[in-house]
Amino acid sequence: MSLPHGWEMVVGLEVHTELQTATKMFCGCANAFGAVPNTSVCPVCLGLPGALPVLNERAIDLAMAIGMALHSTISPSTFHRKNYFYPDMPKDFQISQYDLPINAGGYLDLPDSTRVTIERAHLEEDTGKSTHLGGSGRIHGADRSLVDYNRSGVPLVEIVSGPDIRSSTQARLYASELRAILVATGASDGRMEEGSMRIDANVSVRHADEPFGTRCEIKNLNSLRSLQRAIDYEALRQVELLEGGGRVRQETRHWDENLGATSTMRTKEEAEDYRYFREPDLVDLAPDIAWQDRVRAGLPPMPAERRATLSARLVGANDAQLDALEVVIDLGLDPFVHHAIDAGVDPGLALARGANELAAGLEDIARLNRDAFSATLLMEQRGELSSTQAKTVLGELLAHGGEPGTVAAAKGFEQLSADTLGTTVAELLAQFPSEWERYRDGDEKLAQFFIGQVMRITNGQANGKAVVAELRARR
Amino acid sequence: MAPPLRREDVAHVARLARLTLSEAELDMFTEQLGQVLEHANDMSALALDDVVATAHPFGLTNVVREDVVTASLERARVLEMAPDAQDGRFAVPQIMGDAP
C-alpha cells in the first residue's frame with residue numbers, strides 16, 4: 001500500500017521477546033508455556049510479602065547476546081519498579097529497566113540495506129495471563145477476569161527501534177529480520193502465534209521532510225501480517241483525518257484483526273502514571289568484560305552473514321530460489337543445506353528440499369540429522385529415489401527418525417535392478433507392439449505411456465529416466 | 001527545592017493506588033507526606049555535588065542465581081489464599097471500570 005501523494009509514514013517498533021530460559025526472571029519457577037494454570041508460581045512471582053527477587057544469570061546472558069547481535073553497547077544497568085494497578089501483576093508493579101538499560105543504542109541492517117537504529121534493548125518481566133469472562137471476551141464489557149500467573153515473571157527483552165521505518169513492508173522486514181536474529185542467538189523461539197514475540201508499533205504521518213507528526217501506539221500485533229495491515233490502516237486513517245482538517249490525538253490504539261481496524265484504547269490524558277522508582281531489592285547489574293567476552297564467544301553467525309554465505313553458493317539463483325533462501329535463513333535450516341551441498345548435492349535441490357520439506361517439518365527437525373538429509377538427497381540425485389519418494393522419505397525421517405536407506409526399503413522404494421527393469425520393459429514391448437512401433441517412428445509422447453505401464457507393474461519402484469534409457473537402447 | 005506537596009497531589013497518588021481516602025484522611029496524609037518530602041528538601045539543601053549517588057547501602061553488583069528450576073507452590077495451597085478462584089485461576093472483579 002502507498003499513502004496519498006506527498007505523505008510519508010514514520011514507524012518505530014517495540015518488540016517484546018520472551019527469553020528461552022529454564023526458569024523465570026527473578027525466581028526458580030519453570031518458564032513453561034502452556035502448563036496447567038498457576039502451577040509454576042511461588043512467593044516471588046505471586047508478589048507475596050517478604051519474597052525477594054534474584055536475577056537469572058542465563059536471562060542476562062541472552063539479553064547481552066541480543067544486544068551484541070544488534071551492535072548495542074553493553075552498559076551498567078539498574079532495575080526499576082513500574083507501578084500500576086492491574087491484576088496481571090500480583091505485586092502491582094512490574095520490574096523493568098528504566099533510565100539505564102543493559103543494551104544502549106545499536107542498529108539493525110535490513111536485507112534491503114536500510115539501517116534501522118536501535119534505541120535500547122532492556123530486561124523486564126512478563127505479566128500474568130488474563131481471561132475475560134462475559135461480554136465479548138474482550139476486556140471491555142467483561143464481568144470478571146480469571147488470572148493465571150504462570151507467565152508472571154517470565155524474562156522478557158524489549159527492543160525499541162528508532163523512528164526509522166518508512167513503510168509497512170519495511171516494518172515487516174525489520175520484524176522478520178529481528179525474529180531471525182532472536183532465534184539465531186537462542187534468546188527466543190520467535191513464535192508470534194504463541195505470544196513469545198509481541199510487537200507494538202508507533203505510527204505517525206507527515207509530509208516528506210517536515211517534522212514528525214503526532215504518533216499513535218498500536219498494541220496487540222501478534223503476527224507479521226497483523227503488523228503490516230495495522231500500520232497501513234493506521235497511517236491511512238491519520239492521513240484522512242489530517243486531510244479532512246482534523247488532528248491526530250496521541251493515544252494508544254488496539255488492533256482488531258477481524259475488523260481490520262484500530263480503535264482507541266486510551267488517550268494521552270488518560271495515560272498511566274507509572275511512578276518509576278528504583279527496585280530496592282535488586283543491586284546494580286554491570287557485567288564485566290570477561291562475562292561479556294564469554295557471551296560473545298558463544299554467538300553463532302547472524303542471519304545477514306548466513307544469508308551472504310548461502311547466497312554465494314547459489315550463483316544465478318532465480319526469484320523462487322531467493323524466496324526459498326529467505327525461508328531457509330529465517331528458520332535456521334541453512335546448516336542442512338550447506339551440509340548437503342558439501343556432500344555433493346546440487347545446490348538448487350538442497351535449497352528446495354530445505355525450504356519445503358524441512359520447513360514443513362520444522363517441529364520435528366530435531367529427529368533429522370544432517371547426514372540423513374544429505375544421504376536422502378543424494379539418493380534422489382542418483383535416481384535411486386524419485387522426487388516424490390525422496391519427499392516421503394524425508395517426511396518419514398522427520399516423523400520417526402531413522403536411516404534413509406532403511407526407510408526407503410521399508411517403504412518399498414528400493415529401485416528395480418537394471419536386469420529386472422530390462423525384463424519388464426521387454427515384456428511390455430511385446431504386449432503393446434503398435435505403441436512400440438509409433439515410439440520407434442519418433443512419437444516421443446509414447447515414452448510417457450511406457451513409463452506409466454512400468455510404474456503400474458512395479459508399484460512405482462522404477463525410475464522414469466531409467467525406463468526412457470531402456471526404451472532408447474532398444475529403439 | 002521541590003514545591004510543597006498539595007492536597008490534590010495526594011488525591012492523585014491515592015487514586016493511582018485505588019485508595020479511597022476521606023476528606024479528613026486527605027488532610028492528614030497531605031501533612032504527613034509533606035513532612036517526609038520536607039526532610040528530603042533538607043538533604044537537597046546540603047552541598048553534595050561531590051557525592052556519588054547511592055541507591056543501595058551495599059557495594060554489591062551482579063547478584064545472580066543459576067538458571068535451575070526449583071519447586072513451585074502447590075496450586076491448591078496458592079488458590080486457597082485467594083479471595084476467589086475459578087477453573088484453577090484467580091478470579092478478579094471487572095477490570096475496566098470507574099476508578100474509586
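How many salt bridges does the structure hold over all chains? The structure holds 42. The model displayed is a predicted one.

**Stop 1: the interface of chains A and B**

Please select chain B and chain A together. The contact between them takes 35 residues from chain B and 53 residues from chain A. The size of an interface is often given as the accessible area lost when the parts come together. Here chain B and chain A bury about 3600 Å² between them, and 60% of that area lies on carbon and sulfur atoms.

Next, display the polar atoms across this boundary. Between chain B and chain A there are 20 residue pairs in polar contact, both residues being at pLDDT 80 or more. On the side of chain B that touches chain A, the elements giving two or more residues are helix H1 (7–16), strand E1 (64–65), helix H3 (75–80) and strand E3 (89–93) of chain B. The largest share, 5 residues, comes from E3(B). Colouring this side of chain B by residue class shows 18 nonpolar, 9 polar and 8 charged residues.

**Stop 2: a strand pair across the boundary**

Select E3(B) together with strand E10 (residues 144–148) of chain A. These two strands pair in the antiparallel sense over 4 bridges. To follow one of these pairings, select Val147(A): its bridge partner in E3(B) is Phe90(B).

Which residues form the salt bridge between chain B and chain A? Select Arg144(A) and Asp84(B), whose side chains meet at 2.9 Å, N to O. The count of salt bridges between chain B and chain A is 1.

**Stop 3: salt bridges within each chain**

Remaining with chain B, select Asp9(B) and Arg6(B). They form a salt bridge in which the closest N and O atoms are 2.9 Å apart. Asp9(B) is partly exposed at 23% relative accessibility, and Arg6(B) is partly exposed at 45%.

Now move to chain A and select Asp342(A) and Arg313(A). Their side chains meet in a salt bridge of 2.6 Å, N to O. The pair links distant parts of the chain, 29 residues apart: Asp342(A) belongs to helix H7 (residues 334–342) of chain A, while Arg313(A) lies in the loop between helix H5 (303–311) and helix H6 (319–330) of chain A. Asp342(A) is exposed, with a relative accessible area of 57%, whereas Arg313(A) is partly exposed at 28%.

A further selection in chain A is Glu194(A) with Arg191(A), which meet in a salt bridge of 3.9 Å, N to O. Glu194(A) is partly exposed, with a relative accessible area of 31%; Arg191(A) is likewise partly exposed, at 31%.

Finally for this stop, select Glu234(A), Arg237(A), Arg249(A), Glu251(A) and Arg253(A), which are linked in a network of salt bridges.

**Stop 4: Asn83(A)**

Show the side chain of Asn83(A) and the backbone around it. The side chain reaches the backbone oxygen of Arg275(A) at 2.7 Å and the backbone oxygen of Arg81(A) at 3.5 Å. Leaving aside residues up to four places away in sequence, Asn83(A) touches Asp92(A), Phe93(A), Asp273(A), Tyr274(A), Arg275(A), Tyr276(A) and Phe277(A).

Notes:
Residues are numbered from 1 along each chain as its sequence is written. Chains are lettered from A and ligands numbered from 1 in the order in which they are written. This is a predicted model: local features need pLDDT of at least 70, side-chain atom pairs count only at pLDDT 80 or more; totals for chains, interfaces and linings use all residues. Side-chain values use heavy atoms; hydrogens and water are left out. Contact means heavy atoms within 4.5 Å. Buried area is the accessible area (1.4 Å probe) that two parts lose on being put together, summed over both. A salt bridge is a side-chain nitrogen of Lys or Arg within 4 Å of a carboxyl oxygen of Asp or Glu. A polar contact is a pair of N or O atoms within 3.5 Å; within protein, one must be able to donate a hydrogen and the other to accept it, and residues adjacent in sequence count only if both atoms are side-chain atoms. Ala, Val, Leu, Ile, Met, Phe, Trp, Tyr, Cys and Pro count as nonpolar, Asp, Glu, Lys and Arg as charged, and the others, Gly among them, as polar. Two strands pair if DSSP finds at least two bridges between them. Buried means under 20% relative accessible area, exposed over 50%, partly exposed in between (1.4 Å probe, protein chains only).
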